[in-house]
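The following paragraphs go through a multi-chain model, from a single chain out to the contacts between chains. Please keep the structure open while reading.

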Amino acid sequence: MKVSVNWLTLLPVLVPALAAILVLLVDAVLPRRTALHWWFAAAALVGGMVATVPAARAPVRTLCGSGQPCLYAADRVTAALQLAAFACSLVAVLLAVPVRRASRLTAVEASAVLSATAGAVGVGAARDLGAWLVLLELATLPLVALVAFRARRTAVDGALSMLTTALTSFGVTAVGAALWFSATGSATFLGDAAAQAMLDDDKRRGVVLAVLLLVAGVAFKLSLAPFHAWTPEAFDGASTPIGALLATTSKIAAVAALVVVLRSASAISSSTLYVLGALALASMTLGNLMALREQRTLRFLAWSTIAQAGWVVLPLSTVDRPGLPASVAYLVVYAVATLVVFAVVTLVAHADGRDAATDLSAYRGILRTRPVAGLALALALLVLAGLPPGVVGLVAKVAAIVPVVHQHAWWLAIGAALNAMLGVAVYLRWLWLLWQPAGAAQRDPAHPVHRVVVALGLLALVVTSVLPGTVLAFLR
Amino acid sequence: MTAYDLCFAIVGLLSAASGLLAVTTKHLTHAALWLVVCLGSLAGCYLVLGAELVALVQVLVYVGAVVVLVLFAMMVTRAPIGRSTEHDTSLTQRAAAVVVAASTAVLVGAVLVSLFSGPARRIDVAGTHALATELFGTWVWPFELLSLLLLIAVVTALALTRLRSEAPEDDR
Amino acid sequence: MNLQAWPVQPGQLVVLVPAATAVLMVLLARRSNAVNFAIAILGALLGLGAAGLLAAQAARGPLPADLPTIGALPVGPGIAIPLRLHIDHIAVLVTGAVAIVSLTVQAFARWYLFHDPRYRQFAATVALFTAAMQLVVVSDDVLLTLVGWELMGWCSYLLIGHDSEREKARRAAYKAFLVTRFADAPFVVGIAALAVVAQTTSIRAIVQHWSALSGSLTLTAALICIICGVAGKSAQVPFQDWLPDAMEGPTPASALIHAATMVAAGTIVLARFAPLLAGNGTARLVLAISAGLSTVFAAALAFCQHDLKRLLAWSTVSQVGLMLLAIAALRPGVTPDLAVLHLLSHAAFKALLFLVVGWLAVLTGSTVVERLSGAVTDHPRTRRLVAAGLLALAGVPPTMGFVSKDLIVDEALRSAADRDAASVVAALALIIVVPLTAAYAMRAWLVLTHRTVSERYQELDVIDDSRSVREVGLAEMLREAEPVDAHGHALEPAPAPDPEPVDDSPRPPIPTRGLLWVLALVAVFGGVLILSPWLTVDYLHPNWWIVASALMAMAAAAILVRAMALRTVYGDAAARLPRYVRSVASRGLDLDRVYVALVATPVLALARVVARLDGAGERGVAALPGAAERFGRWSETKHRRTPTTGLVAVALGVLVIGLLGVTLW
Amino acid sequence: MVAALWVAGVLPLLTAAVLLALSRLPRRVPETAVFVISLASAAISLVAAVLVVWRRPSVDLPWVPGLGLRWQLGVDGISGPLLVLAAAVTVLAVLQVRTEPTKGGSPALHQACLAAVQGGAALTFLARDAVLFFVAFEIVLIPMWVLIAVFGDRSEPGRAKAAATTFVLYTVAGSTIMLTGIVGLVYAGGTADLARLSGSGIPAGQQTLLAAVLLLGLAVKVPLWPLHSWLPAAHTTAPTSGSMVLAAVLLKMGTYGVVRLVVGPLHEGFARLAPIVGTLAVIGILWAGLICLVERSLKRVIAYSSVAHMGVVMLALASGSALGLQAALYGNLAHGVISALLFAVVGGLKHRWHGDDLQLARPGARDLSPRLGLALVLGLAASLGVPALAGFWAEFLTVVAAWSPADGRSVGYFRVLAALAALGAVLGAAYALRVARLVWAGSDTGDAREPVAKWPDLHAAEWVVVSTLALAVVVLGVWPNGLMQLAAPVVRDLLGVAR
Amino acid sequence: MIHAWLPAVLVAVLFGLGLYGVLARRNAVLVLIGVELMIAAAGLLLVTSGAVHPDPRRAGLTLTLFLITIAAAEIAVALGVVIAVFRARGDVDMSLATGETRVVDATDPNIPVMSQRDGA
């Protein structure tokens with residue numbers, strides 16, 4: 001059966017996908033032009049952002065066949081996720097520009113980043129199981145390779161950890177997808193097939209299990225406990241821009257995938273979705289408690305993302321309508337703040353050497369030695385902690401809690417509140433170091449690109465903190 | 001009990017048994033070979049279920065490519081040829097693994113069996129032509145994406161195999 | 001002079017003037033005590049003037065009974081807090097007395113404490129104290145009463161602790177405030193209970209509202225609570241012990257506290273609630289028991305005191321007990337004017353006595369019997385003042401003390417005849433206390449007028465001589481005859497007779513002494529007040545038998561005391577009592593230790609337990625990071641950083657999620 | 001006039017940002033410039049606050065449309081006095097910083113924190129939107145954390161940081177729980193407008209649940225026993241200015257929240273929980289009072305006395321009547337002034353003594369430094385409820401209010417609580433006078449062989465701070481009507497609508 | 001005609017076996033075998049559903065084909081990683097922690113080629 005294809009609508013996915021191929025071609029023609037590949041990738045990502053604009057304005061759809069619903073659809077929330085994914089990848093790419101590496105790897109790396117972005121962008125708009133699975137994998141597999149590309153012992157160890165978890169999770173996801181197809185009789189996340197299936201006792205059980213298996217499979221990408229164990233290893237091993245990618249674009253892809261599933265499964269009762277709430281609480285608690293005693297910056301950030309993933313998922317644990325946008329809102333705020341933190345870490349790592357940046361105590365007195373980076377870091381940590389002056393983080397937390405309370409899930413709300421406290425303890429630990437007197441270590445000037453990124457990040461945090469509405473606009 | 005049931009039971013049992021051996025054998029290479037048997041008999045299952053093309057692809061891709069890759073990996077990593085106890089985790093973990101795997105299987109099986117219970121059903125045999133039409137019609141989008149996935153997987157795998165250590169001082 | 005047209009009425013002025021004085025003294029802090037004194041005395045004079053104006057207003061016609069203060073508090077529909085003043089004739093009289101005593105004390109303090117570095121604080125506190133008392137007197141609102149009441153407590157703390165270098169003074173001040181504050185807890189609850197039901201804090205409205213409900217349990221309980229508070233402030237049993245300790249304060253402070261202000265405030269408050277008390281036998285019985293016990297017990301202790309100032313303190317307890325007995329013996333429909341009358345007379349003679357004793361203490365250096373013995377003889381200027389005060393205290397006719405006390409006895413016995421339980425108790429106590437009072441007054445008089453030290457030594461010499469006469473033989477005596485010179489004149493000229501002793505000892509300046517004389521005159525002749533139309537006292541039908549027998553008892557007690565005082569070293573009748581009894585009595589029967597054992601020690605022990613618990617709680621909270629740390633360490637051992645561990649977690653997660661989801665469904 | 005509203009609320013935050021930037025400059029900014037900037041900002045916002053209270057402007061702008069979060073600012077008779085108090089105490093705290101050399105960080109940072117605390121508090125009191133209230137509620141945390149952790153007592157390493165972190169964590173836990181309550185309340189009430197919330201009829205069962213959640217959250221900030229244990233440590237380690245602001249501004253926000261979010265909108269739910277709240281409040285009064293009798297650290301004594309006083313305020317609130325509400329509001333404000341005074345004095349003493357151990361024998365403050373002594377004894381007197389000083393009215397009115405609780409509360413039980421509260425007042429006297437006896441009157445320093453350590457009396461700026469507060473204590477004590485009249489219509493509305 | 005529960009049981013068995021293989025194996029390559037079994041289970045389920053349920057879009061078959069291809073891609077990447085790991089530390093033992101090296105025979109010629117000096 002023929003489907004109508006509107007290439008313009010598919011452009012957000014096509015641009016990075018084609019760019020990924022093009023980078024490889026260019027490399028074949030003009031080998032060893034490292035910077036060129038990154039700037040090309042950056043340009044492609046910007047292009048992708050532009051391509052997303054129509055979807056952000058009005059819902060778009062394509063791949064519609066006769067008598068069947070469209071298999072590609074993007075509305076406001078999806079577009080927001082796509083934009084966020086592009087932006088995060090863009091920042092990661094910019095951060096990666098100055099990083100020295102083996103020249104023959106650059107093209108592959110850029111290509112991998114672009115294809116991972118394509119996957120992250122596409123998965124939210126996919127409405128059929130096939131595209132969903134392929135894009136999810138497209139957003140995962142290149143990242144495994146990217147982690148290993150740092151070519152250090154820890155990096156490949158982290159990559160192995162991530163790989164095995166990813167493969168197992170994919171196995172679970174695949175079974176979940178198959179079960180979904182079996183139970184609903186439909187290979188799409190569309191229509192009321194799930195709702196129909198819920199009317200039948202046997203099928204209902206199948207649908208529930210299918211959704212939960214899909215959730216479990218995606219949860220690995222979100223680093224929800226107990227699917228989180230790879231995170232610290234991978235973060236600690238990967239080079240910092242890739243870490244940023246793992247912490248942001250990859251999470252955005254996971255949330256996009258989750259949103260697609262949960263939207264179609266809205267008939268599922270809230271008590272089942274409390275499983276998600278339990279996952280969220282477990283992640284928050286574990287992440288926070290572990291981060292409390294972590295001394296290594298990147299592992300700290302890993303635990304922090306684990307905890308934050310709990311907050312992202314928290315609103316999804318309700319079948320409430322505002323749940324999805326709230327989750328996305330939190331995710332976006334989290335992504336911005338995390339990117340700023342990674343940017344600062346990259347800046348320091350690039351200027352002073354990775355060893356100097358991977359211990360928390362390295363940030364002692366950074367407020368005085370590198371005021372802009374220090375302020376950016378402080379504000380980003382406060383946003384993550386959800387405390388003013390990081391107002392936007394606080395507002396995001398409010399947005400995340402609203403659906404939970406509307407659902408009267410008080411145990412979830414109280415648990416989240418206690419975790420908010422734990423989270424504050426976590427970030428204050430780092431924040432405290434920023435005030436301390438600095439050591440007398442030699443400080444090299446930071447790379448201009450890093451400085452620009454950090455400064456822009458600071459600006460973004462300040463602007464969004466003053467006007468949180470700008471970043472949470474799609475909450476309505 | 002129909003003839004199909006019987007056929008399926010036979011190849012199914014074969015598949016299950018070889019699967020069991022694949023995950024328990026102490027010989028590294030045997031595991032790969034049992035996997036071949038398992039996946040091959042699974043292709044038989046597909047045939048019973050009327051999916052010729054899938055069975056074919058299964059044999060070609062899986063048995064032909066995947067298992068070769070696995071064997072290749074074993075070769076490259078200098079896997080010991082004989083029996084070795086080093087491939088398995090500790091006994092307690094294996095016991096726990098049995099429990100976890102069995103309960104998961106029971107959970108999935110229970111749901112599936114209740115889903116597929118009922119009288120024997122007619123097998124809906126799909127022609128390859130119809131399948132091809134759908135594949136390049138309805139499913140063209142994921143199909144195209146799949147090509148990107150394959151491409152990027154191959155390229156990165158290639159890059160990974162050629163990975164060399166960098167000087168530590170460049171590590172920034 | 002049209003007083004009604006004034007923006008500020010004299011009724012308000014009596015409170016405002018001393019309060020303003022206090023504030024001014026704090027604000028216009030000067031090193032020169034002369035300036036401070038000028039402000040203080042001017043304030044006191046103006047206060048007296050205000051009281052005089054009030055009296056004039058009262059004399060001229062109807063009083064402006066209802067005066068506003070700071071305006072009603074807008075506290076919603078449940079209760080009205082008008083915060084108004086009410087002036088009646090009792091208030092007019094008492095404000096006058098307070099103003100006079102305050103003026104005298106200020107004047108006396110100028111002499112007594114002039115060189116004290118804290119004179120300014122003292123004078124300011126006295127002024128504030130006066131203001132507080134005046135507020136209690138003229139208040140028509142329980143809240144205002146409480147304001148004055150508590151403010152007096154605070155001022156008493158400052159005055160008693162005036163010499164805070166001394167640990168005893170610090171302790172006494174602390175104790176005084178805590179004991180009265182402890183008693184105030186039920187007081188506050190009591191007035192709250194009364195006010196809440198009446199839905200107003202106006203005293204008159206409360207009395208009116210509750211009069212209809214006399215005999216209700218709540219009323220009884222509330223009144224007993226109020227009596228508790230009064231007992232605390234007025235140092236009645238069981239709260240009596242703080243008052244003798246309060247003697248650590250400077251004497252003018254004692255005069256103020258004992259004579260006109262704090263201690264007497266209880267009488268005023270109970271007088272305001274008299275209509276309710278009169279109809280409530282239980283509350284009156286409680287009051288009678290407390291006051292009766294106090295009056296007898298304190299009189300007995302007063303007799304045994306080694307320190308005359310403490311004697312006066314105990315006598316205050318006893319006399320206030322008398323006033324309260326007058327209220328306890330009230331019959332319905334009778335005004336509490338008798339109690340007020342005794343309050344006035346007590347104010348006069350007690351202020352007088354304290355100040356004179358203070359004067360004598362300046363001269364002799366202390367107030368213990370040994371030092372004061374014969375002080376009056378040595379310093380004859382004080383003789384008449386002391387005599388007037390003690391006579392009034394003892395209640396010898398025709399002093400004011402006699403009039404007020406006798407009328408109370410009369411009234412109580414009459415009530416007792418009606419078999420009213422409270423009155424019976426009151427009558428019993430009064431019968432005992434009348435001779436006792438005479439006895440300790442007599443004892444004080446005998447001590448003070450004992451022969452002077454030189455006379456005593458002369459007598460000792462004579463005794464020694466006589467002893468030698470007895471032991472030395474006649475021959476020797478002859479041989480020891482005075483040697484004469486050739487002309488038969490004595491060799492040593494006879495010592496010239498001592499010149500008439502000139503009393504050049506320090507003394508208060510004339511105006512101050514004049515004020516003391518005013519007090520003395522009031523103490524002696526104030527009895528004529530019963531003729532005033534402002535007091536409704538039935539003085540026309542005295543029971544002469546009672547008067548006579550009371551006088552007889554007093555005389556007998558006085559004679560007994562005189563006999564006991566004979567041939568004692570210091571003319572102290574109490575010296576005949578066993579030493580043990582005297583020492584225990586001087587320590588107030590050691591009730592202080594009982595307080596400590598019953599209240600202070602358990603409370604402190606409890607406090608320690610609570611502090612430990614709180615510390616444990618705080619440590620518990622502080623240990624939470626440690627617990628998190630331990631969890632983290634444990635969890636880290638579980639995160640073995642191996643891919644396998646991660647896979648195990650994943651598998652477990654899948655299983656748990658699946659099971660949970662399917663079962664939760 | 002709307003400008004005044006913004007000046008009162010936002011100017012301090014801008015000042016904080018500017019000062020923070022100044023403190024990060026590579027060149028050192030002169031201290032005087034910092035001082036002038038911060039004092040000017042505080043003073044201007046004080047004037048603006050007074051203007052706002054006088055003219056009552058209001059503002060309503062959308063902020064985060066997705067959440068329905070609006071910049072809805074305005075004051076009424078309850079929040080107005082608190083707004084002015086916050087601004088005034090900050091002015092004094094700014095002066096106070098000038099008198100005590102800043103240790104641990106730059107003066108600019110110190111002043112920035114004070115300004116930020118003021119801004120947050122002002123916004124809290126100005127907010128008419130429940131969610132904005134929460135956001136503003138959180139603003140004060142980080143500046144306060146920095147004040148305590150960076151500028152706190154450095155005598156024991158790590159103690160200041162631990163205390164500061166405990167404070168922040170307690171408060172964050174409380175306020176996030178409060179947030180869930182607020183969200184539930186807004187959802188149930190259908191509006192985030194604090195003024196209109198009290199009119200929305202929420203079913204009784206839900207009211208109880210919401211009130212429980214909100215009270216649980218707010219109890220930390222108030223603080224209500226047994227959630228008070230952050231307070232003593234925070235006070236003990238905070239610098240004097242921090243203690244003043246903590247006591248006079250931050251604690252007020254808790255009770256203000258209870259009034260705004262619980263007492264008004266959740267009348268029936270609060271009535272059901274009132275016995276529990278009252279019990280905890282009374283336990284707090286007695287508990288803190290007892291501890292003060294044996295506590296050795298002077299600052300901790302004052303901190304615990306805060307717990308006791310807030311217990312009184314909560315008891316008054318629990319009684320639920322108009323009288324109780326008035327008593328609570330008055331007590332709240334009075335406590336702010338009194339504790340600010342006491343902390344200013346005690347901070348000065350600690351500075352002079354190089355410690356605050358009461359067990360050490362010292363000569364009396366009344367002789368060595370008469371002004372300090374006078375201020376101390378005034379503060380203690382006010383704290384124990386001597387009439388004509390600020391503390392008196394609330395104490396007595398609370399007993400009356402608890403004696404006659406509003407409908408729906410067990411009268412007998414509340415009377416027991418009232419009696420216990422009256423007993424607590426005795427404890428209050430006992431510990432206040434204990435301090436007076438030890439510090440004001442002094443203790444026997446033994447023989448005079450050791451030279452008596454002299455310390456200087458209050459000097460210029462310090463004296464201005466202390467005497468202003470002392471004046472406020474007296475004025476509040478002598479003339480309570482003004483405040484009560486200001487609050488009366490609001491109290492009527494809050495309780496009237498619910499009935 | 002077929003009783004559909006038969007393939008369903010096989011799916012569950014294969015899934016369980018795969019999971020067991022993932023958990024019980026230390027060698028990374030053997031773990032891959034477990035994963036393959038899991039994916040095979042998913043494929044069988046898809047084919048079964050497509051065969052016994054009406055499936056106009058041939059989704060069961062198509063998705064199975066996709067799964068097989070994805071598995072191939074995964075294996076390729078996994079192979080690359082496994083080789084990199086082997087180069088870094090000389091074995092592919094999954095129960096070794098990050099940075100940890102198995103005690104190897106000193107005479108083992110397979111000394112890791114990668115630098116042991118690790119920046120991170």
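In chain E, residues 6–23 are 100% helix and 0% strand, with their end C-alpha atoms 26 Å apart; helices (H or I, at least four residues) and strands (E, at least two) are DSSP runs, numbered from the N terminus. The model is a predicted one, in which local features need pLDDT of at least 70, side-chain atom pairs count only at pLDDT 80 or more, and totals for chains, interfaces and linings use all residues. Residues are numbered from 1 along each chain as its sequence is written, while chains are lettered from A and ligands numbered from 1 in the order in which they are written.

Residues 64–86 of chain E are likewise 100% helix and 0% strand, and the end C-alpha atoms of that span lie 32 Å apart. Both spans come from the UniProt record, an unreviewed entry, which places the feature "transmembrane region" at residues 6–23, 30–52 and 64–86 of chain E. UniProt positions are given here in the numbering of the model, feature names are shortened, and annotations may be inferred rather than shown by experiment. Chain E as a whole has three helices and zero strands, in the order α-α-α from the N terminus on. Of its 120 residues, 76% are buried. A residue is buried if 20 or more other C-beta atoms lie within 10 Å of its own, exposed if 12 or fewer, and partly exposed in between, with C-beta atoms placed from the backbone. Among contacts in chain E between residues at least 6 apart in sequence, 46% join residues at least 24 apart; two residues are in contact if their C-beta atoms, placed from the backbone, lie within 7 Å.

Which chains share the most contacts? Of the eight pairs of chains in contact, this is the pair B and E. The contact takes 70 residues from chain E and 83 residues from chain B. On the side of chain E that touches chain B, the elements giving two or more residues are α1 (5–24), α2 (28–52) and α3 (59–89) of chain E. Helix α3(E) gives the most to that side, with 21 residues. By class, the residues of the side of chain E that touches chain B are 49 nonpolar, 14 polar and seven charged. Here Ala, Val, Leu, Ile, Met, Phe, Trp, Tyr, Cys and Pro count as nonpolar, Asp, Glu, Lys and Arg as charged, and the others, Gly among them, as polar.

Chain D has 20 helices and two strands. Its radius of gyration is 22 Å, close to the 23 Å that the globule rule gives for 499 residues, so chain D is as compact as a globular protein of that length. The radius is taken over C-alpha atoms, and the rule is 2.2 Å times the number of residues to the power 0.38. Along its principal axes, the C-alpha trace of chain D spans about 75 × 60 × 40 Å. Buried residues make up 71% of the 499 residues in chain D. Among contacts in chain D between residues at least 6 apart in sequence, 81% join residues at least 24 apart.

In helix α14 (residues 322–353) of chain D lies A322(D), which is buried, with 23 other C-beta atoms within 10 Å. Leaving out residues up to four places away in sequence, A322(D) touches V75(C), G76(C), P77(C) and G78(C), as well as V491(D), R492(D) and L495(D).

Chain C also meets chain A, where 30 residues of chain A are in contact with 23 residues of chain C. The side of chain A that touches chain C divides into 19 nonpolar, eight polar and three charged residues.

Finally, the largest nonpolar core has 836 residues, and among these L325(C), L352(C), L83(D) and V81(E) touch the most other members. Such a core is a set of buried Ala, Val, Leu, Ile, Met, Phe, Trp, Tyr and Cys residues joined through C-beta atoms within 7 Å. Helix α14 (residues 323–352) of chain A supplies the largest share of this core, 23 residues.
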